Protein chains: 2
Amino acid sequence: MPEVIPEDSVGLVTPSSIDFQGPLALDCGSTLTDYSITYETYGELNAARSNAVLICHALSSHHHAAGYHSMDDRKPGWWDTCIGPGKAIDTNRFHVVCSNNIGGCHGSTGPASINPATGQPYGKTFPDIVVKDWVRSQALLADALNIDRWAAVVGGSLGGMQALQWSIDYPERVAHAAVIAAAPRLSAQNIAFNEVARHAILSDPDFHDGNYYQHNVVPERGLRLARMLGHITYLSDDSMHSKFGRELQAGSPTTGYDMEFQVESYLRYQGKKFVSEFDANTYVLMTKTLDHFDPAAAYNNDLSAALAQASAHFLVIAFTSDWRFSPARSREIVRALLDNNKEVVYGHVEANEGHDAFLMKIPYYMDIFSAYMNRVASEVEPA
Amino acid sequence: MPEVIPEDSVGLVTPSSIDFQGPLALDCGSTLTDYSITYETYGELNAARSNAVLICHALSSHHHAAGYHSMDDRKPGWWDTCIGPGKAIDTNRFHVVCSNNIGGCHGSTGPASINPATGQPYGKTFPDIVVKDWVRSQALLADALNIDRWAAVVGGSLGGMQALQWSIDYPERVAHAAVIAAAPRLSAQNIAFNEVARHAILSDPDFHDGNYYQHNVVPERGLRLARMLGHITYLSDDSMHSKFGRELQAGSPTTGYDMEFQVESYLRYQGKKFVSEFDANTYVLMTKTLDHFDPAAAYNNDLSAALAQASAHFLVIAFTSDWRFSPARSREIVRALLDNNKEVVYGHVEANEGHDAFLMKIPYYMDIFSAYMNRVASEVEPA
């Protein structure tokens, strides 16, 4: 709980929601009718409606990117390090919008929502979603908010991929795209980790083929395992070492099947916490969306061809210890942009924190990010 | 099935077993009585009994290291690439012994064995085992086989750690130690992967706190997940890419929760196969043994001090794409040996195959390994 809201916080915020009268056409051929998108905004929209920044969230995240929902909140939104007055995404200068993706479980329509056609939760009948669908639904949100063009679309991890897709699908609506700790598509190893996570959920007897809502249970074991595994890939070996080393739990028994090492305790805590916050069907859906992301696929696997139509300027940032989406993967994006003579700033940040570094207040990262966003702001402000 | 046994194979082999009249004192303070050790041998023991080589197996392996049990076997023993007439461990020159570790599930006494005190399987009451216990039990096996001193103790991965422990605990009984694709101890990330694997098994409702034998079930889901996860860490991202890329399964649906990518199919196949071959309690036990391996711990975390008493000569080999136990970890061992002016050959092998490279016929690896073992053989053969 923040006893006092910090001065560089956006303060207390309230989510909004828009009920869209469908249909939303999806890439898989299905449509969604009567869907909702939940979002938050921080900072004032200027008179020209030109200073709006869209934040795209990562796999297990949501629309609550900054500030606090109540004075009882123990933690602020997930990207509070980067969004606020005077921060990299300066809410004194930008109007920031962050929406929960379709298929999510934090307000926007997803597998746990009631399917109007059946009166039951969608469960596994929720249509397959690809990143292009999220972008399309966010374009409709922008229409509803009367925002023609984003000063910037910004995201880390899966959110970075979404920002990249925005630049391809709506070039005229994206002035700048910031693609942080992302990759142009997943590697076989990335997919393999997601597959094991999904398998953990799908093989949990409490999953009931995705209809666990009707059974009043939650596939806790599977979702907990999925999250534990995810956390290993978010951290670097180095950061795990400095956090936990090989330290044993205080008072830990050294026999039997009990937990012994501190890293075990951390992972179990993270897994348990996640179960109370996240929907298992959404986790399956979003990992599939991540696995399928591949904008080059429609261009004969030529990422340069895929990015030819983009007209945004780009900021690409990678972190040295990120072994999930390593700097080499970010450089693939940079190279494809350079092939097209696009303007791109590439920030290669030394960091021990692994993939999670994109959420952290790392000085050089903040400096690059702030410098870039300062330029974005100056373009939309009166001279 | 081999239609014809290859000429460089040890051919048809039969495991042996010795029933030891206990007690075997264990590091945890418990003892094992009436335990068995199952092992195989290949090649003739010379008259001086000086040409015996001990092979230590890895986490999920066993005593069947080379040759075939029957003409119906589809595959030879797990290290057949390295053991046989004319191979790196040349059975024309060496008498090779490979035993299943205590706590295992392939013949030696383990959690699935009957506890003579209760008439029931040990299950989770099987005592905690550390690598020193395996070494001690193998020393008793050597006594039973009338082998005073090993020409070499050789192992990869956990087996390499066991070879290292042999050189510390019985310096006078080890002429050479070959430590391949190993580490002086696990990192926090290594432990984290093992923890998730264990958690998958322990949280499987069919695990029944380790007493699944009495329930006539097997914690299939958990053991399958553990193996799937293990496989990701045995392969490199590169080797997964060349094996599977992002290829979809033939005829794969692109909707719903079904398997789509080839890497998913591979992992599920490996997981399923493992369940029919391995015991869940043994998997839990052996990952714990691996996590606890840390010969430096008793020497104020000084590996050089731990290795001071070793008198063997050493071969250490690492593989560039092994991210489970990277070359940097092998170099820690090499440095500690050099601190003690021990004789050590270090082979740094370029290989794309990840941790599994130690099982493969990689020319430069075979050359180093053969050259070293040729020297070992020449030391025990009449001039």
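**Note on the predicted two-chain model**

1. With 6 C-beta neighbours inside 10 Å, N216(B) counts as exposed, because the limit for that class is 12 or fewer. This residue belongs to the loop between α3 and α4 of chain B. The model is a predicted one, and most residues other than glycine have a negative phi.

2. A181(A) also has a positive phi, near 50 degrees, and is not a glycine. Its place is the loop between β12 (176–180) and α3 (188–202) of chain A. Here the count is 31 C-beta neighbours inside 10 Å, so A181(A) is classed as buried; the threshold is 20 or more.

3. Helix α4 of chain B covers residues 220–234.

4. The contact between the chains draws 38 residues from chain B and 38 residues from chain A. On the chain B side, α3 (188–202), α4, α5 (237–244), α6 (262–275) and α7 (280–292) each supply at least two residues. The largest share comes from α3(B), with ten residues. By class, the chain B side has 20 nonpolar, nine polar and nine charged residues.

5. Strand β13 of chain B (residues 313–319) is mostly covered, with seven of its seven residues buried. H313(B), L315(B), I317(B) and F319(B) point one way, while F314(B), V316(B) and A318(B) point the other way.

6. β13(B) has parallel partners in β12(B) (residues 176–180), through five bridges, and in β14(B) (residues 344–349), through six bridges. L315(B) in β13(B) is the bridge partner of A178(B), and V316(B) has Y346(B) in β14(B) as its bridge partner. β13(B), helix α9 of chain B (residues 327–339) and β14(B) form a right-handed β-α-β unit.

7. The largest nonpolar core has 229 residues, and those touching the most other members are V53, A177 and V196 of chain A and V53, A177 and V196 of chain B. Leaving aside neighbours within four places in sequence, A177(B) is in contact with residues including A152(B), V153(B), W166(B), A312(B) and F314(B). In soluble globular proteins, nonpolar side chains tend to be buried together.

Definitions and conventions: Residues are numbered from 1 along each chain as its sequence is written. Chains are lettered from A and ligands numbered from 1 in the order in which they are written. This is a predicted model: local features need pLDDT of at least 70, side-chain atom pairs count only at pLDDT 80 or more; totals for chains, interfaces and linings use all residues. A nonpolar core is a set of buried Ala, Val, Leu, Ile, Met, Phe, Trp, Tyr and Cys residues joined through C-beta atoms within 7 Å. Two residues are in contact if their C-beta atoms, placed from the backbone, lie within 7 Å. Helices (H or I, at least four residues) and strands (E, at least two) are DSSP runs, numbered from the N terminus. The expected span of a helix is 1.5 Å times one less than its number of residues. Ala, Val, Leu, Ile, Met, Phe, Trp, Tyr, Cys and Pro count as nonpolar, Asp, Glu, Lys and Arg as charged, and the others, Gly among them, as polar. Two strands pair if DSSP finds at least two bridges between them. A crossover is right-handed if, with the strands pointing away from the viewer, the path from the first strand over the helix to the second runs clockwise.
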